[in-house]
Each structure stands twice: as structure tokens, then as C-alpha cells.
Amino acid sequence: MSQATAVEQARSAPGAEPGRAILEIDNLQTHFFTSAGVVRAVDGVSYAVRSGETLGVVGESGCGKSVTALSILRLVADPPGRIVGGTIRFAGNNLLDLSESEMEGIRGNDISMIFQEPMTSLNPLMTVGRQISEAIALHRGLSRRDARDQAVEMLRRVHIPEPERRVDAYPHQLSGGMRQRAMIAMAVSCDPKVLIADEPTTALDVTIQAQILDLMRELQDRLATAIMLITHDMGVVAENADRVVVMYAGRKVEEASAEALFEQPGHPYTKGLLGSIPNLEVAAHTGARRPRLNEIKGMVPSLADLPRGCTFAPRCAFATAECEAASPPLFQHRAGHWIACWHADRLLDGAT
Amino acid sequence: MTALLEVRGLKKHFPIHKGVFSHVSGYVYAVDGVSLHIDRGETLGLVGESGCGKSTVGRTLLKLLEPTEGRILANGDDITDLDAAQMLPYRRQMQMIYQDPYASLNPRMSAGDIVGEPLTIHRVGAPRERRERVAHLFDRVGLRPEAMTAFPHEFSGGQRQRIGIARALALNPELIVGDEPVSALDVSIQAQIINLLMDLQDEFKLSYLFVAHDLAVVEHISDRVAVMYLGRIVETTDKTSLFEMPLHPYTEALLSAVPIPKASAKTRKRVILTGDVPSPINPPPGCHFHARCPYAMARCRHEVPLFREVKPRHWAACHLHDGGVKFPLAAPAGA
């Protein structure tokens, strides 16, 4: 326990509220054993989520952000996937040591998850009320009738109009935004301590996305839930996360407070990613000569055949022989700002 | 000056068939009276949420779908009623890039044959010249000419989109309609494709109709932007005015809902709309937006607002501006 406290202190920024780390992932390795070889989807990732905070986890397709989340709940399909190393500590226990039935007591209860596409993660043959009350009945031991009343209450809490009627609706009878609300209702029905949201708004239109993110903030304020917000959208992260973890090719390349990350990105990949997104404000004020977006050349490497050394080196403008020789460890450059890059100092100096 | 392409009062209604005799039980009013024009060398962005009809506009104005009503003019010629054979010379001038590079390339054709197919159909040049042209196009969009013999599944998403772009360029068109051309791509690849599209525009003096839901991308690539809501255009102007002075409440809400990737974004004031986009099968009467509009008045419920030039070169369809331009929209009436 004392060791955990030390880690936590080292990570918290001075002046920042030292929230308690509720979930700590340490050197997690999740690999997939396929005919094409071993795919190192998660390759030694560590980060912690604190009570009441929103941790943004960003990266492009295949960077391992979703597999990390599935590993936390031990939902990685085996075979072909297997957690081959590391620990995931929640409330003093290593989740990887728990039995399947102990895990069932945690899933949907202490740690719950919402997915990108509510149409595929809700059961189309069950009313949303049944699906919400199933979790409540299972974890809280309520009778069916009480659980149903509780489900109506949950639907009201996520601002679904006419909850008494909608509790009997099937998923296809709801709009995309309503379905996502129903899924959130299900996820928070047992007051989870950690909510993992995997691209919760990616399938939604922006005006509906704004509603859903607003709802998540409201629930967090009330329940002090720790939220792990997994997304590819830097804008969503900027507006919602307190701290951010940036992942690339199965590894964490940067971790910082949201302010520090957007003001002074320290990893060339983060910097490149930020430069490659059109910014609405800037875009609106550039005239006929539009600036080119800062593209990151090339593509994400195959996870079955990662380059030696820094996996980002082949795409990186800062890369030197050093980068190709050895993989850079994570250094703490400022309090709470961790970067895995041999040239982070150069980048940070250039940014100021 | 005649516009490169112009549509007036364009409507596209899809019948809904029901029952054993598949009688028509209703219509999806996908496009319900859209007028717009695209000038030479410019990019018009068409933005809106799913189901607003923006893709249908793109397809209908290339006559890939027959319009229900309205006129389509290419270089001033009315092409609305032309048949497929008569359309051929016009088709050379107007090409399309699709959203999903996985679904829009024939998996049984090599990449080279896909890009060369428009040349074959329009009988351009001898086979050898075609091959050279295809190789040149591959080079121009950033693909290795050796890749001509590969099949679509051998390419990544970004590379497939490059194949789609090369195919669209094959006939040297004047206008390219891009239907969400970068939406399926990761951000770092998205930037590569956006840059490529802008470079090609400079090089070949292309005009684009850029249909997308991502307002930041649309603002980046466009000169002018048209905002669509439920089958109608609610606002059109140059991109700076649209951002600085949105004159339609829907545009205002859309701008405010787009998350901005910078540290100060958390403190931004937001307009959060209530409710969902209504169905285009049964659109609300009056202004289509009234049920979600924070400024809706009694007349908005039954009276369709005219799409008119509220300020010079700034068109909007909203009753708020009837007594003169009202900006910001939230200001009390008469202020």
C-alpha cells in the first residue's frame, strides 16, 4: 500500500488535488497469438486513474487503447488474446489474480464500461428496462419489480423523456443518442467507482455528442466516478479530460495534465497528432492560401512486426540513430508530465 | 459569370413501399428544396448531421439519382432531363470520391484497372497511353506505380482513398464531389488526404463540393460553407462569416458543439441542443428546426422561413432576421 502511495505522489502535479488512485495498471502486456505472428496489442502499459477524475486515453486505430480497457475487465477473447504480463490493481487486489466469479462481481458493479456502438452492445431482443434491471438485480439482489423501478429511475437520471414508457422499449425503437443514454444508465446503475467509456460518442452526431458528454460530466459530479475516456478525438479530450495518456503502437508515449499536453506536447507523435487536426477557429480565419495540415508521414507499423528501438522513429522528423537503436523509456520531464522520447527536451524547449 | 454547377429548388423524395402490392405509403423527404452553386476553382463545403440529405444532394446533382423536382445546370446548360447517353460528355467533367474506400473499389479489379476504367469507358487514348496515364496518376496521388497490379485489399485505408482520388482525376474533371472523403480515416492519414486534395486543386484548378459532417474539416478545406438541416440548406456564406457571425440558430449550435483541441476549450460557453434530429419521413411543419431551437417563436411552428440574403453574400433561412439582421442571435429582440 505504501508503495502505491509513493507512486501516486510522484505522479501528481504540485498544486493539483491529489486524488486517490483507484485503478492502477502496471506494465500490462496483452498479446494476440495469430497465424501471422504475435501481435503485441498492449506492450508494457502503465497508468493510473484517480477517483473523480477523467483520464483521457488517446491514439489512433490499433494503438492498444481499447485492448487495454478490455484487459481491465478481463474481456479479451482467449484465444487468440492473452494477458501475458503486468498487474491491474483495483481496491488493493490484482484483477488478474481473481477468479472468473470474483470478476463477475466487479464487472458492471465496481467497474463498468460503455461502448462505441450501442446498437451492437445492447441486446436487441430485450427491452432496455430488462437490460438495466438485470445488472441491478444481479449486483444489488433486488426483486424484479424493485429493479424495474430502479431502471425507470436510472432512465430519468440520464434524461430520457417519458422513462415509464421507454423502460419497455426495445433498442431499435430508440434513436442513437437515446440508446447511448440507455447504455450509460445501465453502466452507472450500480454506482461504479470506475467507468470506462470506449469511444462513447464516436458514432453520434456532434449536437448529440455534446449532450452525451454533458450527461457524463453531470453524472461524474454527482457520483465522483473515475472516468477513463478512450477516444481518437483530441477535441473531446481537451474539453473533458483532466489528465491524458497518449498511446502509440501498444505503448504509452506521453502522459500529462490536459493543460500541459495541449500547451506543450513533449512527444513528436502527440505534437504531430495535434498539428494534423484542422482547428475550427484557425480554419475559419485562413484565407485563400490555406495552410497545409501538418501530416505525419507513413503509417502505423504492424503490431506483429514492430521496428526496433522507438516504434515511432520511422515516421518521426526528430529521429536519430539513437532512436533506432533503443526504445526510449518514460522520463518525467516536469511534475506529472511523462514522455517516452530521446529528444523530448529539444521538443519542449522549442515549444516554449 | 455562369456557375460551374448550379441547382435550383432541388428535391429528392424517396418513396416508401409497403404491403404485398408495395404501394407507396409515404416519402422520405431527403432533399426538400435546395438551391446552391459552385464557382470555378472554389470549394463549397456542405455540412450537416446524419440524415440531413447532404449525401443525397451530392449524388442528385451529379444525376446519379434522378431529382424529383428542380433544375440542374452545368456551365449554364440545363442537364436535368438528359438521358444517360446525353449525360456522357457532362460526366467527364464531374467525378465523385466516396466515403468508404473499402466499399467503393471493386475487390476483383486491380488498382490500375480501377483507375483506368473511366478512360476505357470514355474511350480516351490507346491502351498504352491509358497505362501511362494511370501510372502518372498513381505517382501524382502518392502511390508507387508498381502498386497498379495489386488488389484493393492489399492497400491500407489511406492508400485506398488515394486510389479513389486517382480514379476521380483520370478524366481531368472540372468538378469533384467528395462525399465524406476523409471520415473513415485516422487523423494522421486524414491530414495526408486533405493536403493531397488541396494540392490537386491548385494544380488542376479543380472545384470541389466537399460533403462532410466534421465542421472543422469543412472549414479548413472550403471557401464557402452551406449548412443543411433536414433536407434544406439553412445558411450559406464564406467560412469566416459563418464562424464569426452565424445567422442561423442551428449553425450556432453546431459550431458550439464541435470540440476544440486546445487547453482553454474546457471553459468555452456552449449551446447544447435538446432532443434528436426529427425524421425526414415526417418532418415538422414550419421551420424544420423549431422543435430544437432555443429561440423558436410561435410563427416558426407553421411558417417556413424564406432562404434569403440577410447580409450581402450571407444567406440564411430564419424568422429572427425579419426586422433586420439580428446578431448575436441570443440578444433580446429589438436590441
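Two residues are taken to be in contact if their C-beta atoms, placed from the backbone, lie within 7 Å. Axes are lines fitted to C-alpha atoms, for helices over the stretch in contact, and angles between N-to-C directions run from 0 to 180 degrees. Helices (H or I, at least four residues) and strands (E, at least two) are DSSP runs numbered from the N terminus. The model is predicted: local features need pLDDT of at least 70 and side-chain atom pairs count only at pLDDT 80 or more, whereas totals for chains, interfaces and linings use all residues. Residues are numbered from 1 along each chain as its sequence is written, with chains lettered from A and ligands numbered from 1 in the order in which they are written.

In chain B, helix α1 (residues 54-61) lies across β1 (5-18), β2 and β4, and runs at about 110 degrees to β1(B). Strands of chain B form an open four-stranded sheet in the order β2-β1-β4-β5, with antiparallel pairing; two strands pair if DSSP finds at least two bridges between them. Its edges are β2 (23-38) and β5 (77-78) of chain B, each of which pairs on one side only. Strand β4 (residues 69-74) of chain B is joined to β5(B) by two bridges in the antiparallel sense, and Ala74(B) has Asp77(B) of β5(B) as its bridge partner.

Helices α3 (residues 111-121) and α5 (residues 157-169) of chain B pack with their axes 7 Å apart, at an angle of about 25 degrees. This makes α3(B) roughly parallel to α5(B), a term applied to angles under 35 degrees. The contact involves Ala111(B), Ile114(B), Val115(B) and Pro118(B) of α3(B), together with Ile163(B), Ala166(B) and Arg167(B) of α5(B). By class, six nonpolar residues, no polar residues and one charged residue make up the contact of α3(B) with α5(B). Here Ala, Val, Leu, Ile, Met, Phe, Trp, Tyr, Cys and Pro count as nonpolar, Asp, Glu, Lys and Arg as charged, and the others, Gly among them, as polar.

Chain A also contains an open sheet of four strands, ordered β2-β1-β4-β5 with antiparallel pairing. Strands β2 (37-50) and β5 (93-94) of chain A lie at its edges, each pairing on one side only. Strand β1 (residues 21-34) of chain A pairs with β2(A) in the antiparallel sense over 10 bridges, and Ile25(A) has Tyr47(A) as its bridge partner in β2(A).

Strand β8 (residues 226-231) of chain A is largely enclosed by the rest of the structure, because six of its six residues are buried, that is, have 20 or more other C-beta atoms within 10 Å of their own, with C-beta atoms placed from the backbone. In a regular strand the side chains alternate between the two faces of the sheet. Ala226(A), Met228(A) and Ile230(A) point one way from β8(A), and Ile227(A), Leu229(A) and Thr231(A) the other way. Strand β3 (residues 54-58) of chain A pairs with β8(A) in the parallel sense over five bridges, with Val58(A) opposite Thr231(A). Strand β7 (residues 194-198) of chain A likewise pairs with β8(A) in the parallel sense over five bridges, and Ala197(A) has Leu229(A) as its bridge partner.

Helix α2 (residues 65-72) of chain A is mostly covered, with seven of its eight residues buried. Just after α2(A), Arg74(A) adopts a positive phi of about 55 degrees.

Key
Parallel < 35°, antiparallel > 145°, perpendicular 65-115°, else oblique. Buried ≥ 20, exposed ≤ 12 C-beta atoms within 10 Å, placed from the backbone.
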